[in-house]
Amino acid sequence: MAKGKFSIDWRQLRARLAWTSLPLCFAGLFLFDGALRYFYRSAGSTRFLDWRAFQFTGAWALLLTAVCGLLPTLARRIFMGIYALFFGLLTVLHGVMFNIFGKFFSFSDTNFAGDGAKFFSWSYLDLHSPLIGCILLGVLCLVMAAVLVPKSQPGRKRWFLRGVAAVTGIASAVCVMMVHQSMLPRSDTMWWGNTYDPSSEAEAYKEFTDSNRNLLISGLYQYTVRDFLVSFGLEGSPIQLGELDRFYQQRAGEISGENEMTGLFRDKNLIMVMMESIDTWMLTPEYMPNLYALQQEGTDFSHHYTPLFLSAGTFNTEFISQTGLLPSVTGLSSSVYSTNSFPFSLAHLFSGEGYTVNSFHSASPDIYSRGSVHENLGFEAYNNSSVLGMEDYMLDSQLLNGYDKIAPDGNFFSFIITYSGHGPYTDELSNISGPHLKDAEEVVEKSGVTGSASNMEEYTLAIAHAMETDKFVGELTARLEEEGRLDDTVLLFYTDHYGKYMTDKTFLRKLKGIEADSPELYRTPCFFYAKGEEPRTVEKYVSTVDLAPTIANLFDLPAEPQYYIGDDIFGDQGGVVFFPNSAWYDGETYYSSDYTGEVTSEIQQITSEVNEREQASFNTLKSDYFAKREIS
């Protein structure tokens, strides 16, 4: 049949457009980065048009395009398809991670991905529509690039193209290295005792622990490559044990000595309850009457904070509270928690005093490798739902099926991690919210809290989740009282992280009564309850890292407190909350990379000390310091 006047010869058109294949590849790659940094440009202090990010991205996009130019037809199409799939999904992943945690994705997050992936909700995919459009456009560019790859080229033209691609690739790699070197600090100021400035982009780039700042500084591709190297310890200098020796020797002369609280709970039992996602706005007499009553009758740390050094928030707080050390966000395999020596963990200390020590959490021992980690920390056993005889592992009240293990005869230390506060707060977890939903609806209606229909629905379900945890608290306390164990048992309640599963972060800040970027986001409940003790409120600014040295002092355990990064809450030291990347908060000053006030000598001194302690903790883990020095 004869072709119509306006028919298109697709083969001829494709041949004419074949020259656009590599430019389209470059454009697609550049678009992924540009869209991500533009729509999340408020995530850090680096402006979108920063020349370093554009130079990194331009060089990497040229390098990746040049690689395609060196390949034969089929391989070139495959590589372009891989680019579209991998970098398109990676861009989406960064957006999802930022929506949930306020931080971009890091490969170090993969060490603890098991628990988070299990609770994925489609509500977390609420990305900017224009961002999704740009990602799809980037994918389309790469797909079109693959389609337009010419099937064959004359020999001379083919070799000319490959020569240009090779020269371009080499020039691009050189450009990446030159910009990389220009961004590193001219002198090594990131060391103990020296003044450290977290607002310095050179220092931030060198350590590469702040995912938000570093992605905006270096762009998607440089960030991806360097984050991979740093996260898995493939870049960095060896740990100098002598520096750690000097740090701990100096710290031994600075820590608090004995005080009026030393040995207050000597020979008593301890049940340490780390509550999943129980935030300050949940702890009211209407929502959680049992927990609230204990808080009012106990020793309440009204300015307690739970900073997150890992995106795996529960494990982050779990490890800090049990060891008094801060987890390293980079260059550290998750296996170190199962193999390193932790002689001053609470479990080891209580066990050495003849206590029965056990941990309890309904989830599988494989999640975060808790089975092996808890055993390595000194617990006799990690008791999960199958051991405790729980029919529904999500219901905290069923932890009491294992009461005899939680409160055995003789002295005991029991560490309990609750579960029911976990998100998402949707019908997906109606097994948790269902039994309490009617009560939650009634009290929420009277609360005066207002918001959109979706926010109020999520809020009500969150309260229903909290009510299940409160049911466990009430039944545990009643059982201890009934059996006469409450007189000699101390209860410690604290939270693994703020209520991060609320999807609307503006609404969450409204619930907490805080402004954006406020450290108050991380303020969480924490208090001791000991029957017969006078209620008290401690106003000191403290965090999870201070719990282990405080417990060691209260129970008169044979610890060497210089090996804790935090301080005894009742001592004369501390009062500063450590945040990642050497940021800190003392109730008056929140010093971070975004600080705009006057940097006084006092601020410099505190910042230097915070940096020193954080680096010491990270290096202690990376080097397995206690095993190397045979400290026990």
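## A walk through the predicted model

Start by selecting helix H12: its buried residues are Gly-313, Thr-314, Phe-315, Asn-316, Thr-317, Glu-318, Phe-319, Ile-320, Ser-321, Gln-322 and Thr-323. Keep in mind as you go that this is a predicted model. Step just past the end of H12 and you reach Gly-324, whose phi is positive, at about 75°.

Select Ser-277, where phi is about 60°. You will find Ser-277 in the loop that runs between strand E1 (269–275) and helix H11 (289–297). Buried or exposed? Ser-277 counts as buried, because its relative accessibility is 0% and the cut-off for buried is under 20%. Now jump to Ser-582, another residue other than glycine with a positive phi, here near 65°. Ser-582 belongs to the loop between strand E11 (577–579) and strand E12 (583–585), and with a relative accessible area of 2% it is buried.

While you are checking the backbone, show the peptide bond between Gly-423 and Pro-424: it is cis, with omega about 5°. Pro-424 sits in the loop between strand E6 (412–417) and helix H18 (430–433).

Now display helices H3 (residues 51–69) and H4 together. They pack with their axes 8 Å apart, at an angle of about 150°. Because that angle is over 145 degrees, H3 is roughly antiparallel to H4. To see the contact, select Leu-64, Val-67, Cys-68 and Gly-69 of H3 along with Arg-76, Phe-79, Met-80, Tyr-83 and Phe-87 of H4. Sorted by class, this contact has 7 nonpolar, 1 polar and 1 charged residues.

Stay on H4 (residues 73–101) and zoom in on Tyr-83 and Phe-87, which are 4 residues apart, about one turn of the helix. An α-helix has 3.6 residues a turn, so residues three or four places apart point the same way. Both Tyr-83 and Phe-87 are buried.

Colour the aromatic rings next; the model has 52 aromatic pairs. Tyr-83 and Phe-87 make one that is tilted, with 6.2 Å centre to centre and 50° between the planes. For a cluster linked by ring pairs, select Phe-265, Phe-301, Phe-350, Tyr-355, Phe-379, Phe-413, Phe-415, Phe-528, Phe-555 and Phe-570.

Finish with two arginines over rings. Arg-37 lies over the face of Phe-54, at 4.6 Å from the ring centre. The charged end of Arg-41 sits over the ring of Tyr-38, 4.1 Å from its centre.

How values were computed
Residues numbered from 1 in each chain as written. Predicted model: local features only at pLDDT ≥ 70, side-chain atom pairs only at ≥ 80, totals over all residues. Heavy atoms only, no water. Phe/Tyr/Trp six-rings, centres within 6.5 Å; stacked < 30°, edge-to-face > 60°. Helix = DSSP H or I, 4+ residues; strand = E, 2+ residues; numbered from the N terminus. Buried < 20%, exposed > 50% of the residue type's maximum accessible area, 1.4 Å probe, protein only. Lys NZ or Arg CZ within 6 Å of the ring centre and 35° of its normal. Axes fitted to C-alpha atoms, helices over the stretch in contact; angles between N-to-C directions. Parallel < 35°, antiparallel > 145°, perpendicular 65-115°, else oblique. Contact = heavy atoms within 4.5 Å. Nonpolar A, V, L, I, M, F, W, Y, C, P; charged D, E, K, R; others polar.
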